Structures are given as structure tokens and as C-alpha cells.
Amino acid sequence: MKRDVDSQSTHYWLKRPKKSSLKASSYPHKVHHEAAPQTCPDCPLSILIGGAEPTEHVKLRYDLLQSTWNVQQQKIEKILQNANIELFDNLVKFISTSQRLDSTITRGKLPVGFLQLGSNVANNLRIFKEFGQYLRESQEESDLDYRIVNLSSRTCANIKATIREIVKQVTEDNVKEGEDEEDEEEDEEEEEEDDDDEDDQEKAEEDDENGTKAEKTTKKYHGKISYDFDIIHEWCEEYFAGEGKNASTTNLRIVIVIQDSDALPNQLLNQVLKLIHSYSKLIPMKLIVGLSSINSNISTWLNNNLSNELRIGIKGSLFRTVDNKMLGHSICNDLFLRYSSEEEDTHEISLDSLMLSPDLISTILNRFQNSNNSIDSLVSSFKLSYMVYFYQSPLVSLLSPKFNGKFLHLYTDLLRKLPSFKRCIEIKLDQSEGDEDKEKTHQEIVDLLTQDGPLMDVFHESVKKSKLEKLMLINTMNVLYHLQDRKKFKNFKEKIDIYQLIATRQIFSSFYLTNLFNSISMITTEQIRFLTEELPTKIGNIVDTNFEQYQNDIRKLENGSDRREKFLKYTKRYLKIYLAHKQLPLYEVFTILGGSVQPAKMEVLEEKSKNLIIDLLRPELRAILEMGLEDSRSYLSNDLIQEELGSPISLRDPQPIITKLFQVYKDAPVNINIYDFYCAFRQTFEKHRDMTYLIDSITNDNIGSLSPLVADLEEIRDGKDTKDEQWNKISFAWFLQGCFELIQMGIVKEKPKGDYLEKVIWKGV
Amino acid sequence: MPVLESTPLYRSKEVDLLSAFITDDITTTVPALIVHGYKSIGKTYTLDSFFNNRLSPRVKKTIIRCDECVTKRVLLQRCLKRIREDSGIPKSKYSENVSYRGGEVTNFGGVCENFENFIIAMEQFIDETGYNEPHVLVLDRIDQYMEIADDLYTAFNRLHEQSTVKFLTTVLVISGDLPKEIVTSSVPQIFFKAYEPDQVLDILQSQQLCEFNANLRIPTNIQVDFWNQYTKIIVDLFFSYTGSSMNVLIDICYELWEHFTKPIESGKYQPQDFLKIYREIRTSILDDNVFSQSSVEPYNETESNKTNSSSSFDLPVHSQFILMACYLASLIEPKNDLQMFSKLKTLRAEKSNKKSSPSKPSKSSRQQMTRQNIDTRLLTPGTFELERMLSILTVIYRNESSSLSASIERLHMIEEENDNWDKELATFTLNANIDVNSQLATLASLGLVQRTSSDVLSSQARWKCNMSWSTAESIAKELNFPLKTYLED
């Protein structure tokens, strides 16, 4: 449990002036960081509201996180599983085609499936893994026996290793996914042993027991060298004999999958293909070659990479994976931009009432599109958002029906500190100016500020409205989305982008809307039918009256010259009414904002804006590292260490060795003479003070076995040794350790000739 | 390949030579024989036919396909194993194990580490069984064996001299030049001459490879007629490209058959109207795909209908910018960096002044081409340091990125006062982004960027862009990046 807190706190380095403690109270999410966080005994979440949060509510938050994320995760998994079904179906069909039926093989051609993959390596690995599972599942339905051989550039450095890998994967029965990697490692090590010396005993056994021969073959390959392709041939012959069939009628299918052909050396690829080709008549083999999308034109790739002879020898078929970006968007749409269906909504917090802040979602999506193009990291970002939300905000428990009202005043206090509440009160004050019933409004405000009841009423009202709000948002988004013509409209935007425009109320001032309206040349009946029939106006008992009105309006439209104008008029009116809605008071509670680290500074560039999630998603690694090296407090002044020390770390406390070394390093030239470096480093110490500190800290720890050491150290400190030999040794040991740490961090590099170290970091760039 | 006859077409001379060199009498058979000639002109086929039809069945034969052998040891092991098997002597007569250097190598995988061991194993086999029948060992495609085969040529040549293995005749089949190791030794050679066009035609016409759809019920004589005309056209059209390589020709025959028979199947033409069909499809069959054999069809027709590949590159935006930066860093000389990427207007102005002023006559008269005069796109990419690329990346991303300009646009739209934004823009750099390095690594593993040294930390590590102009151009187009203005300045 403690470790959890620790790993968390590494991210919460707070570089804030001292006076900020006052300010911090206005940031409810932050309150708990001022006091030492305590963890709840039953769950990994820390107790918020300065430790005053009831433990059952902490537990409640944890349960809510679990249940909410589980639902979302199931959705994601479903999408991912179904994304490539069509591709897998095609691949299975391709693999299962019998040699007898395939005319190309009878002409001596090797069937090769070229699989076009995305540029993200991690995604591709996932696809292959899923394909392996899919193949195993489909194997159960058919009577075919698939043997999958996975080759990647990691395991296939040369032709020997490659064939050995193929042999191993074919002949070994049902290699399990998990064990796969270990085996490979071992195999590499045993490479030479395998070739030369083998066990006499086992060989003898093999000769004796012909009955268990099949099992022995897998180990011994009939005494052949482990990279002899004939092993596979013989293995297949035995298999056919067992089946009573031959190569063209067998149920066996060996599928060789080359996962990253781009990374394989060209020569190796040619050799492997040639070898497989020359055996393709004897062994029912199919080859699947994974290519990154950089080679959009397979023919060009073939011309550049394979020899002419080989090109004659293969018969290629092209397969395409689903576009990664589309997949990302469909995950987004499904998680956030959809009304939840009945069966999904059985858990405690209705998903419909949780909104993701448009800024946060665009940050996450932008990272996905701009930087890494990885579905896995997209999913984990979403998970992180949820986690931060449930970890940081104590107010979440208010949303659950299980909230028991304990310590309600704590929560209402927090609610009152929300910015949107402040705005709400201000608006009320403004309104009250011209109001006749001034007194009444004033009383209302006072009630809100002092009593829990009225505030909770406002809150519940808000929560209720949030569902309507979301419905309206989604409806508006869908209307605009479906008005776009995917082919003709140049500014085509994905749902999530439109959502962002609407949610930030920028839609009317954007070029996008004008362009969209200009691009609509005519309204088809089909479009109107879709808008009026496919989109719901209500979920449960929540009714989007504005949208209902809009639907009624456009339903009445008749075929005429002014149809387009009228349609646009109605649409504009609809949007206007929608946008007139104000942001709900207390919306912070049910919006996933992504946590906060620092007082939000207005940042202009999206790629620079900050909050906790963003900091976690794209930390400025080097800056953090350098800052930590310059001032160790950013790492060390966390609650854990302070608790142990009993006092906050001050600048006067001795710095860690690495920090000291870095100070020296900063002033050094590009090439640092090691001896000079050491001398300068030693100068930074003050023997007596530092040794005392060291001795003190050892004696404080009360470790009995160290007591002789203390005596030695005292001897060094107070000794008469004028040359300081012992002291030099100690400081040199520290120096060496520090140097190696710097080398490990890639900050300094040893020059090949010795004597000198070289700076390898650069500033500014 | 044509149907098996007693003698393959136009190869009777070679078969005669073979039967002269290889007989069923050990005393008159040559110890080694080289069969060579251009690839895919029927060497293996002729040998096969010779063994099956002409040679007495008393002569045992073993054929090793050397292009399947990864190392010498695999090759020799296969020889040993197959010779033993093909000798027809039951396994019980000889021991699997081989004694070697006093000790006994118990494991078959341990034998044939080198040629001496192979000889020892063979001699032991002879000792144990007394095998002395004429036996032919064909080392097919020995020039395509995956390691260097130099010493094998000589070793097999001298097998008779060095060992008691006298019954073996080694036939080396080579498709290229004669290896220099044995070109001077007195090994008989049989050269397979390349076919002439009409010989090729005769061979193709000797057997109808492609069949009409059986439902059409075309009489055999018409089919044969059609086939003859078809092969004539193919040879006429493509012989200049294929030469006598039968493999390629046969492949083309298969590939184009469908084009020719489609009009007949649809009922538009009769098989007798061959020339009409040819005239109609003439343009469609003469494209590069016929030669390159590299056309790849989408597996399912339905998939081709889905044009979901809107962009050819699904690289993330930042990766594309990194690629652009790499391309520029590779193709722009470092000394021009200031002109290209800095805001210093004076430098640019100076340069343009220089250009406009007439250059010295002595230089222009020489007309010497310098690197600068050549279009950068034609030059090989230069190497660059990582830092330089990162600086260029900062500049081009700031100037050209659509997401940054969108942010600024949004700012203007909101009309909010913010003094910081131009400062923020000026200091913005992608390099702070944690993903940049991993993206660079991904690009390197995709082969778009190359690294000279394996040590990333080394200050000598230099990088190089590995993209063609066309790739760079299409990425630039997708990014809306003015690549040309950066290059042509």
C-alpha cells in the first residue's frame, strides 16, 4: 500500500511558493496534498479532504472506479476484437485453402499473403496475437490443424536462427504464448551445444523405443542439425502417415508469419522465401508477410526487395488491416459519444452523467494522432483519466446512490469552493439587482452559502440536468456530423472534433459551420428521414424538447426551391437555442477534467497546456531529470521521506552525491579530465561536517552490525592522518559511483582513450 | 515443362554426352562432371530424363538440391544420408554411428562437420557394407548454396584421389560461370546452350499448358491451334526480355492466358479469331506487371471496393514532421542552415544578391559542376547529427504545423488578450515531447531513417534519411508542407 503512495507522489512535485497554501484551498482537488496522504486500509486510494473523508466513502470511490472502468473496458475490448474480424476471416480462408484446390500451387507457386499493417509496432503485435487466438478458435470448429510459426526480426538474425526457429515452432506441440519468449532466449544460448554434443543416453533410448518415436523426434530431430529444413519435411511425412493422407489432401496447415518484414535483412528475407518456396510442394505451407504501411504499394516493395526468380515463384494476395485512426475514433465515439443502452447502465453511476472534458479528450486524441498512433496507449490514457478522476475528487461519492450523507458538511464545503458555484452565485447577485424580490433572492443566496439542504438541491438538479445536457450535446453533434458529406466536404471532421467545438461553444464563431452550410447544396429525403427517425429525442424520462421541435420543423419541409434555405434556417435556430444553455453549476463534479497539478496558467498552444494527465502523458523528461539533479528536493521532499525525518528537507541539508557531482559537471567544459573532475568534486565536501553527518545518520539508524564502521569513520574524521588517504578513498568511491550514474543517465560518456569524460547533453534544443 | 519423352527437345547432344560420361561401369565413369549453362534452360530436367530413361537402373543416383542447404554441414549430411539410403542397403547392415579420431561420434548431427569427416564417414560405410555399385551424386544448383561453395568444388573433384570412395560420380550443376577453382582442372564439362526463339516455341508448343474452360466444349484440334498461335505471340512479344529462360516464359503464358480466353468465354469471339482477340487486348497486356511479376491482388474482391485507405501513410503527424526534418537535414548542407531555417533576413538577402550579380567569368567559363549546382533531390542523402535534425524540427514544426496554427487561429477567434502567446510560440519545441525519441526509434526500425553507429549515446552517432524523393514528396503533400521551398531556395 505504501508503495502506491510513493509511486504516485513522484509525480506531484510541487514547485510552488510558500504562500500557496492559502491559495490551494480554492482548488478542491488539491486539498489532500497539503496534508500527508493516508491510505484507506481496504483499498489503494488515499483518504481525501485532509484525511477527514469517511473510509466507506473512499471504498465507495474505489468501487465506482472499478465498475465504471469495467464497463468501458468491455466496450473497448469488444471494439478491438471485432475490428479485424473481417481480415481474420479472409486470412483463415486463405490459409485453409487446400493445396489440391489452389491452382497456383500446382504450378509451383508459393501462396503468400501480404498483410498491410499500420506504422505502430505495438499495434501490429496485438493484431498478430489476436490473429493467433482467432486461428486457434476457428481450428476447433474445423477439422484442420493449424501450426502457426511466428517469426520476427528479433529472433531471426540470420538464416540459421530463422530455420531453427521455424523447426522449433512447428515440431513442438502447442507452444504456449507465455513460454515462448523464455524458450527463445534459452535457445540462443544453447545454439552451439545443440549442434555439437548431444546426449548419448537419449539417443540410445530413441533407438530402443520406436513407439514413442514421435515424441522423441520433437526433441532430437532424428539427430539432424537443428537448422535443417528436412526436419520439417520428415515431421510432416510422419504426420501424413498418421493421418493416412498426403501433402495435397492433408488437414495440416503450417502458417509461417513474418511479423516485421521491413526490419528483416533483405538477403535473409530472400533466402527464407526461397527455402519455403522450394519445399512448398512437399509441405502444406502458407506464408503471411506483415508489411508496414510505408510500403503502400506492394508491387514496388516486391520489385525492390525480392529477386526476379522469387517473384515468379510466389503468388501474392493482399490483406489490409483496419485503419488505426478510424479505430481510435470508433473507441472514442463508443465510450463517450453514445447513449448507453439499458443493459450497460446497471452499475451505480450512470455513464450518461459522466462527461469527459472536451479539452482533455482532444489532448488525448491529439497525442494519439500526432505522436504515437498507438491504440494501447490511447486506451491507457482513458483509463488514467478515469483513475485520476476517482482518485482525486472526493466529490465523486456524491454521485452514487450509496452515498450515506455522512459528514455532508465537508462535501458541501468543497462544493462551495468550485469555480462554477462561484459563478452561479455571481449570476444570481447580478440578477437580483434589478429584481423586485430582492430580499428573496438574497435569502436564497445566503441559504446556498450557509445551509446544506438548498445546495444539495442545486447539486441534484444539476446532476439530473447533466443527462439532458449530454443528450442534447450528442444530438447536436450527430446532426452536424451527418450533414457532412464524407467525400465532398473538405473540412470533414470526426465526431469528437465536432463534440469539442460544441462543448466549448465555439461552433458559431468557427469557419467550420459556415463551410458546412455552404457545402450543403441540397437536402435529400434520406437525410431528413435519418435526422427525424434515427436519432432519439429521449432516453428514459429525459426529453430533448429542442430537438423534438427541430425534428417537427424539418419533417414538415416540402420539396421546393426554398427547402434548403428553410432547412438551414431551422438548423441554425436549433443550434442557437442549444447554445443558449448555460453551463451547469457544479459541473466539475461530473466532468472528468484530468486532475490538476499547478494553478492553471492560460496556455495558448494546445500542445503546451497542462494538467495532471497531460503531465503524465508527455512529461518533459529531460527537464525533470535535470531539475532533479540540480535540486534533489524535487524528488526527496515527499511525504514519505519527511515523515521519516520528522522535518521538511531544507537546503542546508547535505545534498545527495549525484547532485553535488552534477553541480560540478555543469561548470565543466565539453571534455572533462577525470582527475580534474574528481578534484573539483572533492572540493565540494567539507570533511568534518560531512563525515559527522554520515556518522550521525548511521548511528540514528541503530543498526548494530554497523557500529564498528562508525568507529572507523570517526577515526577517519578525527584521525591524525594528514594525507587523508582514507578520506580520499571514500570520496573517490563516491565520485566513481556518481560518474557511473551519470553515464547510465546518458549525461556523460567515457571517451575511448580514457582519462577524459565527454559531455553528451545539450541545452536548449 | 514439356512432357517426359525419351529425350528432351534440342537436348539430344547433351544427353549423348551424359551417357558417354556416366555409365554403369565404374571403370569407365568419370569421377566428376560439370553441367553448366544459363539458368532455366532444362539442365536439371535433362539430367532427370537421362537418369530415368537412358541410364541403366543399376546405377544408383542421389540428387541433392544445394539451394536448400544452409551450411556445408547440412549439405554433407544430406549427401551422406541420401547416399546410404539410395544405395539400397538395409539400415541394419551398417551402423549409424561414426567413429572418428579414436572416439565414436554417436550422433548423426555430429558428423560431417567438414569434408574430411564426410570422407571418413563414407569410408566407414564402405568398410561395413562393401558397397561398390556405380552411384551418381548430383549436386544441383551448387552455386546457389547459401555459403561460399569454393572449397566444395575442389573437394568433390578430388574425392577419388583422396579416399577409397571410388564408386561415386559427382555431377555439379552450375548456372553461372565456371568457378575458377576447377576451371583449369580436367573435369569434363557439358555446356547447355541457350535456346533459340524457334526452339523455345517448339518446346512450348509440345504441350498445352493452359486449358480452356471445360464448359465451352472446344474441340481439341482448335484448342491446339489456339495454343500454338498463343505461344507464338508470347514468344514473339517477350523473347527479347525473357531470353531462353523457360521459367519466365511459362509464367507469362499462365499469366496472360486469362486475357486471351476471356473474350471467348464471354462469347464475343470464337477461338478461331485469334488475331482479332489479340488486336483487342494488345494494349492491356503490354504493361510492366507482365515483366515484373509483382502484381498483388487484394484477397477478397469486396475488400477492394472499400477504399478506406484515404492516406497512404498512417504515420502520426509528428513522425511525418520528423521525417521531413530528417530529409531536409540530409539534403541541405549544414553551412546553409542559417539561410534556410533562421529568421535572419539579411543572410537570405545577401545570398540573393550574390545570385543576381554576375559571377566571375573565369568560374562560369569552366562550367564546373559543384554539388550546389545539382538538384539536391538527385544527390545521395548526407548524414547529420541528431541535434541538428532536432533544431530543424523545431523550426519547421513551428512554421508549418497545422495544429499550432490552429491554436493561434483559435486564439484570434476567441479574441482573448494574451501577451504570452508569441513568446510561447517562439519557445515552443517538439523536442520536449516525450514521444519524439520513441518515434525516431520507430522510424529507424521501419527503415526510413538509418543510424550509422549502433551506440545511440556516442557523439559520433550520425543519422541519415533513407527515403526517396517520391516518398518525401507524398508525405509533404499530406502534411501540406512546402518541401520544395525549403529545398529550392
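Reader: How many salt bridges does the rule find across the interface of domain 1 of chain B and domain 2 of chain B?
Author: This is a predicted model, where local features need pLDDT of at least 70 and side-chain atom pairs count only at pLDDT 80 or more. A salt bridge needs a side-chain nitrogen of Lys or Arg within 4 Å of a carboxyl oxygen of Asp or Glu. Across this interface the number of salt bridges is zero.

Reader: Where do domain 1 and domain 2 of chain B lie in the numbering?
Author: Residues are numbered from 1 along each chain as its sequence is written. The bounds come from an automatic or database domain assignment. Domain 1 of chain B is 12-192, and domain 2 is 197-290.

Reader: What separation do the centres of domain 1 of chain B and domain 2 of chain B have?
Author: The centres are taken over C-alpha atoms. They stand apart by 40 Å.

Reader: Which residues in domain 1 of chain B lose the most area to domain 2 of chain B?
Author: Buried area is the accessible area (1.4 Å probe) that two parts lose on being put together, summed over both. These two domains bury about 270 Å², 48% of it on carbon and sulfur atoms. Three residues together make up 93% of what the domain 1 side buries: B:Tyr38, B:Ser40 and B:Ile41.

Reader: Which residue of chain B lines the second largest cavity?
Author: Lining residues have an atom within 4 Å of a cavity point. A:Asn84 and A:Arg126 are among those in the lining. From chain B comes B:Asp314.

How values were computed
Chains lettered and ligands numbered in written order. Heavy atoms only, no water. 1 Å grid on protein atoms, 1.4 Å probe; cavity = no way out; pocket = protein on both sides within 12 Å on 5 of 7 lines; lining within 4 Å.
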